[in-house]
Amino acid sequence: MARDVNHYWSGDISESSSKDIRSATGVELTNQRILRRLLTSPGEYPWHPEYGAGLPREIGSTADRRRIEQIIRSNLALEQAVARTPLPVITISPLSEGTGPKYSWNTDERTWSRGIFVSISYTESATKTRASLQFDLEN
């Protein structure tokens, strides 16, 4: 089973109970890799300029769930740890402003004014375990 440093996007490296650098495996590692790929913009890694989906660039753009779903789906297909079948289930919802319903979108401007909520359900290829990942992208 593959191991890597336990590190979620924009977070700190965490330590294990023995004060070593904590490692991640299985679904936890796959979720970290998915987040890294989706949130990295192409060109950010000098040695791999094609790496990344650039999902944060979609905030404030014209609301197009199909385009965002396609960006996510095509990048999930590049992750070896995500099984090809069954296909991942991707749900994209806009975040609302302040209080009120959690998810709504600006119908007048047809943009993701505050951000989006993404939910991905997929099968981990090595174990055939169903897994999920949810995250917000906010302005």
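Ile116 is found in strand S4. Strands (E, at least two residues) and helices (H or I, at least four) are DSSP runs, numbered from the N terminus. This is a predicted model, in which local features need pLDDT of at least 70 and side-chain atom pairs count only at pLDDT 80 or more, while totals for chains, interfaces and linings use all residues. Residues are numbered from 1 along each chain as its sequence is written, and side-chain values use heavy atoms, with hydrogens and water left out.

Is Ile116 buried or exposed? Ile116 has 0% relative accessibility and counts as buried. Buried means under 20% relative accessible area, exposed means over 50%, and partly exposed lies in between (1.4 Å probe, protein chains only). Neighbours within four places in sequence left aside, Ile116 is in contact with Ile59, Ile68, Ile92, Ser93, Pro94, Leu95, Phe135, Asp136 and Leu137. Contact means heavy atoms within 4.5 Å. Ile92 lies 24 residues from Ile116 along the chain, and their C-alpha atoms are separated by 6.7 Å.

## The sheet

Strands of a sheet pair through backbone hydrogen bonds, either parallel or antiparallel. Here three strands form an open sheet in the order S3-S4-S5, with antiparallel pairing. S3 and S5 are the edge strands, and each pairs on one side only. On average, neighbouring strands of this sheet are turned by 10° against each other, direction ignored. Axes are lines fitted to C-alpha atoms, for helices over the stretch in contact, and angles run from 0 to 180 degrees between N-to-C directions.

Two strands pair if DSSP finds at least two bridges between them. S3 and S4 have six bridges, in the antiparallel sense. Val89 has Ser121 in S4 as its bridge partner.

## The helices

Helix H2 covers residues 65-76. Its twelve residues reach 16 Å from the first C-alpha to the last, close to the 16 Å expected at 1.5 Å a residue. The expected span is 1.5 Å times one less than the number of residues. In H2, the residues Ile68, Ile71, Ile72, Asn75 and Leu76 are buried. They cover an arc of only 130° around the axis, which puts them on the same side of H2. The arc is that of the directions from the helix axis to the C-beta atoms. An α-helix has 3.6 residues a turn, so residues three or four places apart point the same way.

The buried residues of H2 pack against helix H1 (26-39), strand S3 (89-94) and strand S4 (115-124). H2 lies across S3 and S4 and runs at about 140° to S3. H1 is mostly covered, with ten of its 14 residues buried. Among them are Leu29, Ile34 and Leu38. The end C-alpha atoms of H1 are 20 Å apart, which agrees with the 20 Å that its 14 residues should span.

## Two loop residues

A cis peptide bond joins Thr85 and Pro86, with omega about -5°. Pro86 is in the loop between H2 and S3.

Lys128 is in the loop between S4 and strand S5 (129-138). Its phi is near 60°, a positive value in a residue other than glycine. Lys128 is exposed, with a relative accessible area of 59%.

## The aromatic pair

The structure holds one aromatic pair. The rings of Tyr45 and Tyr51 have centres 5.2 Å apart and planes at 20°, so the pair is stacked. Rings of Phe, Tyr and Trp (its six-membered ring) pair if their centres lie within 6.5 Å; planes under 30 degrees apart count as stacked, over 60 as edge-to-face and the rest as tilted. Tyr45 is partly exposed, at 32% relative accessible area, whereas Tyr51 is buried, at 15%.
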